[in-house]
Amino acid sequence: MSTINYSEKIPNNVNLGEDRTLQRALEGWQPNFINWWDDVGPDGSTNYEVYLRTAVSVDPQGWAQFGHVKMRDYRWGIFLNPGDANREIHFGDHKGEKAWQDVPGEHRANLRRIIVTQGDTEPASVEQQRHLGLTAPSMYDLRNLFQINVEEGRHLWAMVYLLHKHFGRDGREEAEALLQRTSGDENNPRILGAFNEKTPDWLAFFMFTYFTDRDGKFQLSALAESAFDPLARTTKFMLTEEAHHMFVGESGVSRVLARTAAVMNELKTDDPQKVRAAGAIDLGTIQRYLNFHYSVTIDLFGADQSSNAAIFYSSGLKGRYEEGKRGDDHVLKGQTYKVLEVRDGHLVEKDVPMLNALNEVLRDDFIKDSVAGIGRWNKVLEKAGIPTRLVVPHKAFNRQIGALAGIKMSPEGRVVNEAEWAAKKAEWLPTAEDFAFVASLMGRVVDPGKFAGWIAPPVMGINRQPVDFEYVRFG
Ligand SMILES: [Fe+2]
Ligand SMILES: [Fe+2]
């Protein structure tokens with residue numbers, strides 16, 4: 001069985017040792033990465049030993065090795081899923097040709113842009129989450145936060161490897177720039193909007209990992225179809241890690257709901273002020289957080305009509321979610337798809353060429369997947385006998401990107417005027433007061449097995465350890 005080899009600087013399954021130039025380049029980037037981690041990674045965590053899962057290979061025994069480790073000693077490895085020498089491109093204009101092991105000159109700029117945009121989200125989320133450790137609701141949750149943080153760091157490594165290996169000097173410059181942009185920085189922000197938002201508290205963190213890490217799942221799934229084989233193989237492996245991030249979000253919100261429902265039943269009330277006074281988060285606040293994170297996240301899929309999306313697909317750079325399972329011709333010329341626009345104050349559907357609507361196709365796949373988990377959240381309320389249900393807002397609600405940007409819309413999808421928007425906004429999106437209330441609950445609870453009063457304990461621990469296991473040794 002494979003184990004973690006701490007003498008190996010950069011664990012990998014890409015024969016790094018045989019490519020001295022590349023190895024030296026990556027070993028040159030590594031100290032800058034560690035500096036970045038020390039500067040803007042998890043606040044105050046340097047001496048903690050955290051019960052982390054480390055990937056040491058992609059086989060079933062190797063991809064999840066558990067043990068206590070200091071995070072800056074975590075082995076950020078480079079792992080690609082096993083390749084298939086005969087793999088063929090299965091969509092777009094190159095359908096049926098052999099997958100590429102190197103970057104074709106004519107697609108170089110677009111591929112670099114795709115990899116940089118994906119890579120930029122990984123360190124961004126670590127930056128967004130850096131203060132959360134100071135207000136963890138339990139040692140179990142603290143460990144999950146850190147697990148996500150180190151894996152997002154590894155995802156950055158995965159993209160930096162591709163930049164160094166396949167894009168020469170401009171790849172190396174892009175790899176440096178990935179450590180220089182900072183989430184929320186006025187002068188040098190991260191590339192995408194949602195990755196410059198704050199993640200101020202743990203409810204926001206759970207919503208972020210439920211929705212925004214799920215955006216990651218869909219983007220990675222589309223890239224896992226790529227004709228550029230190294231990108232397809234590395235994103236496939238990243239997806240195995242992403243599943244845990246979404247689990248943290250889904251189970252986190254479930255536990256918040258379980259606690260809120262218990263308080264509502266104890267006090268026999270649905271009055272948000274009474275729920276708050278008892279130290280739980282009222283359902284209205286949870287719904288408003290959901291509305292915010294959902295709308296900000298679906299913007300990440302980009303404009304509903306995009307010539308870039310058509311080019312990326314037709315040239316084989318980026319496929320659709322589960323491309324291989326779809327029964328159409330995988331070329332999509334002459335096909336259409338419905339997108340929304342506002343005409344005479346009403347939302348209407350219109351048919352546009354499907355190739356141009358592939359951002360919308362991916363967004364709609366994401367929406368289906370998100371809604372399924374919200375059904376599981378509602379089961380928690382149903383079981384507790386609470387009649388309220390969480391719902392996702394209409395996809396035109398609170399959009400900043402695409403044809404729906406700037407249109408004022410209720411969560412049900414009704415076009416509203418400025419006056420109604422101003423009057424209702426506080427019912428629809430989190431207010432300064434909501435944030436202040438949630439912030440007031442965020443104390444640090446880190447004794448093994450103890451949990452903050454606003455969240456229920458999980459059903460079980462990590463890697464079959466008990467819930468009160470010492471997941472973090474503070475040293
Ligand atoms: Fe990631
Ligand atoms: Fe993630």
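Two rings of Phe, Tyr or Trp count as a pair here if their centres lie within 6.5 Å, with the six-membered ring used for Trp. Keep that in mind as you look through these close-ups of a predicted model.

**Figure 1. A cluster of aromatic rings.** Ring pairs join Trp29, Phe33, Trp36, Trp37, Tyr74, Trp76 and Trp157 into a cluster. By the pairing rule, the count comes to 32 aromatic pairs.

**Figure 2. A tilted pair, Phe91 and Tyr313.** The ring centres of Phe91 and Tyr313 are 4.9 Å apart, and the angle between the planes is 35°, making a tilted pair. Phe91 lies in the loop between β2 (65–70) and α2, while Tyr313 belongs to helix α9 (residues 307–314), so this pair ties together parts that are 222 residues apart in sequence. Phe91 counts as buried because its relative accessibility is 0%. Tyr313 is buried too, at a relative accessible area of 1%.

**Figure 3. An edge-to-face pair, Phe397 and Trp428.** Here the planes of Phe397 and Trp428 meet at 80° and the ring centres are 6.4 Å apart, so the pair is edge-to-face. The pair links distant parts of the chain, 31 residues apart: Phe397 is in the loop between α10 (358–383) and α11 (418–428), and Trp428 is in helix α11. Phe397 is buried, with a relative accessible area of 0%. For Trp428 the value is 7%, which also means buried, because the cut-off is under 20%.

**Figure 4. Where iron is held.** Glu152 bridges the iron ion (ligand 1) and the iron ion (ligand 2), which lie 3.5 Å apart.

Figure 5. Glu151 is found in helix α3. Is Glu151 buried or exposed? With 1% relative accessibility, Glu151 counts as buried. Setting aside neighbours within four places in sequence, Glu151 is in contact with Arg53, Tyr74, Glu241 and His245.

**Figure 6. Charges over rings.** The charged end of Arg214 sits over the ring of Tyr210, at 4.2 Å from its centre. Lys408 lies over the face of Trp421, 5.5 Å from the ring centre.

Definitions and conventions:
Residues numbered from 1 in each chain as written. Chains lettered and ligands numbered in written order. Predicted model: local features only at pLDDT ≥ 70, side-chain atom pairs only at ≥ 80, totals over all residues. Heavy atoms only, no water. Donors = N, O, S within 2.8 Å, 3.2 Å for Na, K, Ca; no water. Helix = DSSP H or I, 4+ residues; strand = E, 2+ residues; numbered from the N terminus. Buried < 20%, exposed > 50% of the residue type's maximum accessible area, 1.4 Å probe, protein only. Contact = heavy atoms within 4.5 Å. Phe/Tyr/Trp six-rings, centres within 6.5 Å; stacked < 30°, edge-to-face > 60°. Lys NZ or Arg CZ within 6 Å of the ring centre and 35° of its normal.
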